[in-house]
Amino acid sequence: MSSGEFQSYFHERAGRFAAFYSSEPVARVLGRGPLFDRLERAVDISVQVEASTVLDVGCGSGPLFAPLAAKGIHVTGIDPADAMVALAREQAAVLSGMVVVDQRGWEQIDEIDAYDVAVALGVFDYVDRPDELLSRMGRAARHVVGSFPSPGLRTGLRKIRYGARGVGVHGYSRSGFEELAADSDLRVVEIIPLGRAGFVVHFSRIDRGRTPTVVETDWSG
Ligand SMILES: C[S@@+](CC[C@H](N)C(=O)[O-])C[C@H]1O[C@@H](n2cnc3c(N)ncnc32)[C@H](O)[C@@H]1O
């Protein structure tokens, strides 16, 4: 799948996707609660590492902006899709200078150490080279947070639905995160299960000379 197909898929469905966030109770009834859970986990981690700046990769309509801004954290949102950027800029406009939105894809993340945390929610799902995305995020920020769908029925059905429109969907197993991190010169800090939907994973730069510890927290129930 080309990154153009991923981008145009969400450009065409920006309003529909943004609507998933309009009511958390409704989203939970419809089985979309993990969308909210992953936002909360990303905010928790950003607060825990005392971030003052966050790069939100594939920010979409900007559902992460207000919760981070409410914690005093400045956000740079990036997304290549016209319609998503328009929605994200509307959201940024009401957050009084806390958020800027740049229209670009993850392939154009060239910053080094420009942010405290780089977050990508709902992006690794569609990326053919997750190691490259993770590496760029890990150069831009010391801490990286990503959501990853697990393989299985749910992801299998999404593969069929999105595949019909030329968009590939990738599932990730818990056992693969260490290798993915190592390929990007990162380590796994924490793997947080999102029920059957997948995981939020917190990575950080390897501090040479320290033994890494993996923490696993079950927030699902
Ligand atoms: C599933 S949505 C997730 C949006 C948001 N992060 C959220 O949690 O609601 C995926 C987003 O990735 C964006 N995207 C597509 N191609 C991209 C690329 N090359 N780099 C970064 N984001 C991209 C899409 O436009 C879309 O907004």
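## A look around the predicted model

L186 stands opposite R205 in β7. That pairing belongs to strand β6 (residues 186–193) and strand β7 (residues 198–205), which run antiparallel over seven bridges; two strands count as paired if DSSP finds at least two bridges between them. In this hairpin, four residues sit between the strands, and G195 takes a positive phi near 55 degrees.

A word on the ground rules. This is a predicted model, where local features need pLDDT of at least 70, side-chain atom pairs count only at pLDDT 80 or more, and totals for chains, interfaces and linings use all residues. Residues are numbered from 1 along each chain as its sequence is written.

Zooming out, the protein comes to nine helices and eight strands, where helices (H or I, at least four residues) and strands (E, at least two) are DSSP runs numbered from the N terminus. Its radius of gyration is 16 Å, close to the 17 Å from the globule rule for 221 residues, so it is as compact as a globular protein of that length. That radius is taken over C-alpha atoms, and the rule is 2.2 Å times the number of residues to the power 0.38.

| Property of the protein | Value |
|---|---|
| Span of the C-alpha trace along its principal axes | about 50 × 40 × 35 Å |
| Buried residues | 42% of the 221 residues |
| Contacts with a separation of 6 or more that join residues 24 or more positions apart | 65% |

Here, buried means 20 or more other C-beta atoms within 10 Å of a residue's own (exposed is 12 or fewer, partly exposed is in between), with C-beta atoms placed from the backbone. A contact means C-beta atoms, placed from the backbone, within 7 Å.

Now for the inside. The largest nonpolar core has 62 residues, and A118 is among those with the most contacts inside it. Such a core is a set of buried Ala, Val, Leu, Ile, Met, Phe, Trp, Tyr and Cys residues joined through C-beta atoms within 7 Å. Leaving out residues up to four places away in sequence, A118 touches L55, V57, M137, A140, A141 and V144.

D79 lies in the loop between β2 (74–78) and α6 (82–93). D79 is buried, with 28 other C-beta atoms within 10 Å. V57 is 22 residues from D79 in sequence but 6.6 Å away in space, C-alpha to C-alpha.

Finally, the ligand: 20 residues surround it, the closest being G58, G60, A81, G105 and G122; a residue counts if its C-beta atom, placed from the backbone, lies within 6 Å. Helix α1 (residues 3–12) gives the most to this shell, with four residues.

Technical notes: Contact = placed C-beta atoms within 7 Å.
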